[in-house]
Amino acid sequence: MFGAIARRLVTGGALLLATFLAADAADIDDDLPDLTDKIAQMASEVAFELQQICPPASPSDQAAFDRCRRSLFGDSALRRSLAPRLLWGRRNQDAAAALSDTNLTQFAPDVITGLYLPLFMYSGEYSTEYVERERLYLIRLRAGFRNLLPPGQFPYPFWHEEAKWGVYQAANAVLLWVNRKTAKIVIGQFTERGSDSRIVSAQPIWPKFDGKWMWMDKEGRIQPRVTLFDGLFRQDNPYLPKLDFTYRTLALRMRDAQCDNCHMPNNPMPMRRLVLMHTPAHAAGEISRLMTAVREDRMPLDDTGAEQPLEPALKRALLESGGAFEELVKAAKDWEAAHRD
C-alpha cells in the first residue's frame, strides 16, 4: 500500500552484495539493533520532500528539473540519507535475481543527487518493506522520467543502449535500498515494473547515438552541461573555469593511462560494479578513490582483469593532474559552503 509503512519478509537465502556492501558494513557490528523506526521516519521524510521539490511536471520542463537538482544537491533530507558511496542502475530484468548479480554503477552522493535522481519526478506515494534475502530495507517511490529534456541535461547519452533508454522512459518507480544498521541508502534503482502507472505520461523518443559521450553544441559549449557542475555551483564560483581546464588535463592523462578502457558508460570490460570517470562531475565524485588506486598500483587492469602498475612516467603524470583536480574540487565545494544563503 502506497503512503504507509508496510513490512513483509521476502523468502530466500541471505546474500552478500559482493565487496561493495561488504565494505559498507565492514565496521558495523551485526549485533547492533535494526533501525526500523528511523528508516520508517526517513522514508516518510524523503518521499514527502521529493513530492514537494520534484513533483509531477511536463517531462520537458527545464525549470522544474533545475529546481529539483538544486534542492537535492544542497542540504536535502535525501542527501543526508545517502551512504558515502552508493550504487545505481536498472532493476535486473530477471525478477528473481539478487542485487549481487545485477550490474550497477558506483556514485558519490554529489553525483546521484546532482545528475541522476533529479531526472525523475515523484508523486509522494511510497511503501517500505524488509527484504530478507538482501538483508536490506526497500523503499519504493512512485515516479516518472523526464525523457524530453535537451540531450545536454542527461549525464551521458542514455540512448547509447536502446534497452536501457527504454526502461528509463517507461520507469514508474524508483527503488531505494537501505542498510538496516545505519539507516543509510546504499543502492538506488529505477524500474518500469512498479505496481502503478507512471505519474506523467510522455511520448517515447529514440535519439540516435553518434558515439560521443561529450560533445560541442552549435554555440560552442561543451555538453552535457550537467556534468560541468552547471546549475549546481554558483555562476560566480571562482574555481569553475579552473575546474574545467584542470579536468581536461586529467582526462588526457587518464586516456594515456588507459582509464577509458574500463570507466566508460558502455562498460567495455564489462564490470559488475562500474565506476565512471569520463566527465568532470563523475570524476569529481571518484577522484579520491582514483588517486588511491593509482598510488597502490591497483589500476589499470589487463585483459584478464588483473591489476598492473603504470609506467613510472604515466603514474607520475596521472597523480600530478589528479592531485590538482582533487584540490580544486575541494576548493570549489568549500567556496560554495562559505557562500551558502
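Predicted model: local features only at pLDDT ≥ 70, side-chain atom pairs only at ≥ 80, totals over all residues.
Let me start with Phe145. Phe145 sits in strand E4, which covers residues 136–145. Is Phe145 buried or exposed? Its relative accessibility is 3%, so Phe145 counts as buried, the cut-off being under 20%.

What surrounds it? If we set aside the neighbours within four places in sequence, the residues in contact with Phe145 include Pro59, Leu119, Phe120 and Met121.

A pair of aromatic rings is described by the distance of the centres and the angle of the planes. How many aromatic pairs does the structure hold? There are 24 aromatic pairs in the structure. One of them is Phe154 with Trp165, with 5.6 Å from centre to centre and 85° between the planes. That pair is edge-to-face, because an angle over 60 degrees counts as such.

Where do the two residues lie? Phe154 is in the loop between E4 and helix H6 (162–170), and Trp165 is in helix H6. The pair therefore ties together parts that are 11 residues apart in sequence. Phe154 is buried, at a relative accessible area of 1%, and Trp165 is buried too, at 0%.

Now a second pair, Phe209 and Trp213. Here the centres are 4.8 Å apart and the planes make an angle of 40°, which makes the pair tilted. Phe209 is partly exposed, with 31% relative accessible area, while Trp213 is buried, with 13%.

Next, a charge and a ring. Arg79 lies over the face of Phe73, and the distance to the ring centre is 5.5 Å.

Phe73 also belongs to my last item, the helix pair. Helix H3 takes in residues 62–73 and helix H5 takes in residues 109–116. Their axes come within 8 Å and cross at roughly 165°. Why are H3 and H5 described as roughly antiparallel? Because an angle over 145 degrees counts as roughly antiparallel, H3 and H5 fall under that description. The crossing of H3 past H5 is right-handed. Which residues make the contact? On the H3 side they are Arg69, Leu72 and Phe73. On the H5 side they are Asp110, Thr113, Gly114 and Leu115.

That is the end of my talk.

Key: Residues numbered from 1 in each chain as written. Heavy atoms only, no water. Helix = DSSP H or I, 4+ residues; strand = E, 2+ residues; numbered from the N terminus. Buried < 20%, exposed > 50% of the residue type's maximum accessible area, 1.4 Å probe, protein only. Contact = heavy atoms within 4.5 Å. Phe/Tyr/Trp six-rings, centres within 6.5 Å; stacked < 30°, edge-to-face > 60°. Lys NZ or Arg CZ within 6 Å of the ring centre and 35° of its normal. Axes fitted to C-alpha atoms, helices over the stretch in contact; angles between N-to-C directions. Parallel < 35°, antiparallel > 145°, perpendicular 65-115°, else oblique. Left-handed = near helix turned anticlockwise from the far one by under 90°.
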